[in-house]
Amino acid sequence: MLDIKERLNFIKSTLPKNVKLVAVSKFHPEEEIIKALEAGQTVFGENRIQEAEKKFSSLKDKGYSFELHIIGSLQRNKVKQAVKIASMIQSVDRIELLDEIERQCAKIDKKIQILFEIHTGEESKAGFDSKGDIEIAFKNFENSLYPHIIPRGFMTMAPFTEDKDLIRSAFRKLKMIQEEFSKKYPKYDLSELSMGMSLDYKIALEEGSTMVRIGTAIFGERNYQK
């Protein structure tokens, strides 16, 4: 059986040089993250804020350097903790969340990168599902309502299906949205496309992904026991 370093090296060997690997470490213990760090991995994804804060605060205290991305649904009451520990929030799926991120970042004078999570498939419920709402978000940026937030692109989750055409369609839709809003708002660098996980990242790469979120293929099956 391959160890974490070997799995990481294998995944990286399948990625173009311009694609960033986000190692999804939720439910995996600190010692496994250390193995990934020592194998050269620097970007990690978590969606359970309290778990992430405990693990990554400890790793920071031990002298490790890393980027932490919040990749799962984020409740407003968790934003205060999230902005303290994260360098990017990938799962911004509503205007109210942008408002709260700005409010909490302003308190600690921290700038944070975000991706707009877009609803692109019937079975993936999270994300903006209206271009009108995304337009409102960008108008708010244009009106300087979010001085502590840096929009960097878009994120989606493909439908949970074995139908590769549906998966490809979801990724293609995100790419089209990125192209549309990059043309409308050229002052913003919206070049990041976070799409693709362990089972579908190769399709995502074919459709223009710049960031893949991979957990199981690196760390193995998750240990849900706390």
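**Close-up views of a predicted model**

**View 1. Leu-190 and its surroundings.**
Leu-190 touches Phe-138, Pro-151, Arg-152, Gly-153, Phe-154, Gln-178, Phe-181 and Ser-182, leaving out residues up to four places away in sequence. Contact here means heavy atoms within 4.5 Å. The model is predicted, so local features need pLDDT of at least 70 and side-chain atom pairs count only at pLDDT 80 or more, while totals for chains, interfaces and linings use all residues. Residues are numbered from 1 along each chain as its sequence is written, and side-chain values use heavy atoms, with hydrogens and water left out. Leu-190 sits in the loop between α7 and β7 (192-194). Helices (H or I, at least four residues) and strands (E, at least two) are DSSP runs, numbered from the N terminus. With a relative accessible area of 2%, Leu-190 is buried. Buried means under 20% relative accessible area, exposed means over 50%, and partly exposed lies in between (1.4 Å probe, protein chains only). The C-alpha atoms of Leu-190 and Asp-61 are separated by 33 Å. Along the chain, these two residues are 129 residues apart.

**View 2. Leu-193 in strand β7.**
Leu-193 has a relative accessible area of 0%, so it is buried. Its contacts, leaving aside neighbours within four places in sequence, include Phe-154, Leu-174, Lys-175 and Gln-178. Gly-208, Ser-209, Thr-210 and Met-211 are also among the contacts of Leu-193. Ala-204 lies eleven residues from Leu-193 along the chain. The C-alpha atoms of this pair are separated by 9.4 Å.

**View 3. Thr-156 in the loop between β6 and α7.**
Thr-156 counts as buried because its relative accessibility is 1%. Two polar contacts are shown. A polar contact is a pair of N or O atoms within 3.5 Å; within protein, one must be able to donate a hydrogen and the other to accept it, and residues adjacent in sequence count only if both atoms are side-chain atoms. The side chain of Thr-156 reaches the backbone oxygen of Ile-118 at 2.8 Å. The side chains of Thr-156 and Thr-120 are joined by a polar contact of 2.7 Å. Beyond four places in sequence, Thr-156 also touches Ala-170, Phe-171, Leu-174, Ser-194, Met-195 and Arg-213.

**View 4. Glu-100 in helix α5.**
Helix α5 covers residues 95-108. Is Glu-100 buried or exposed? Glu-100 is buried, with a relative accessible area of 7%. Its side chain and that of Gln-104 form a polar contact of 2.9 Å. Glu-100 also touches Arg-76 and Val-79, not counting residues up to four places away in sequence.

**View 5. Helices α2 and α3.**
Two packed helices are described by the angle between their axes and the distance between the axes. Axes are lines fitted to C-alpha atoms, for helices over the stretch in contact, and angles run from 0 to 180 degrees between N-to-C directions. Helix α2 (residues 30-38) and helix α3 (residues 49-61) have axes that come within 10 Å and cross at roughly 50°. That makes α2 oblique to α3. Angles under 35 degrees count as roughly parallel, over 145 as roughly antiparallel, 65 to 115 as roughly perpendicular, and the rest as oblique. The crossing of α2 and α3 is right-handed. A crossing is right-handed if the near helix is turned clockwise from the far one by less than a right angle, and left-handed if anticlockwise. Glu-30, Ile-33, Ile-34 and Leu-37 in α2 meet Lys-55, Phe-56, Ser-58 and Leu-59 in α3. By class, this contact has five nonpolar, one polar and two charged residues. Ala, Val, Leu, Ile, Met, Phe, Trp, Tyr, Cys and Pro count as nonpolar, Asp, Glu, Lys and Arg as charged, and the others, Gly among them, as polar.

**View 6. Helices α6 and α7.**
The axes of helix α6 (residues 131-142) and α7 come within 12 Å. They cross at roughly 35°. This crossing is right-handed. On the α6 side, the contact has Lys-131, Ile-134, Glu-135 and Phe-138. These residues meet Ile-177, Glu-180, Phe-181 and Lys-184 in α7. The α6 contact with α7 has four nonpolar, no polar and four charged residues.

**View 7. Asp-109 and Ser-144, two residues with positive phi.**
Phi of Asp-109 is near 50°, a positive value in a residue other than glycine. Asp-109 lies in the loop between α5 and β5 (112-117). It is exposed, with a relative accessible area of 64%. For Ser-144, phi is near 60°. Ser-144 lies in the loop between α6 and β6. Ser-144 is exposed, with a relative accessible area of 58%.
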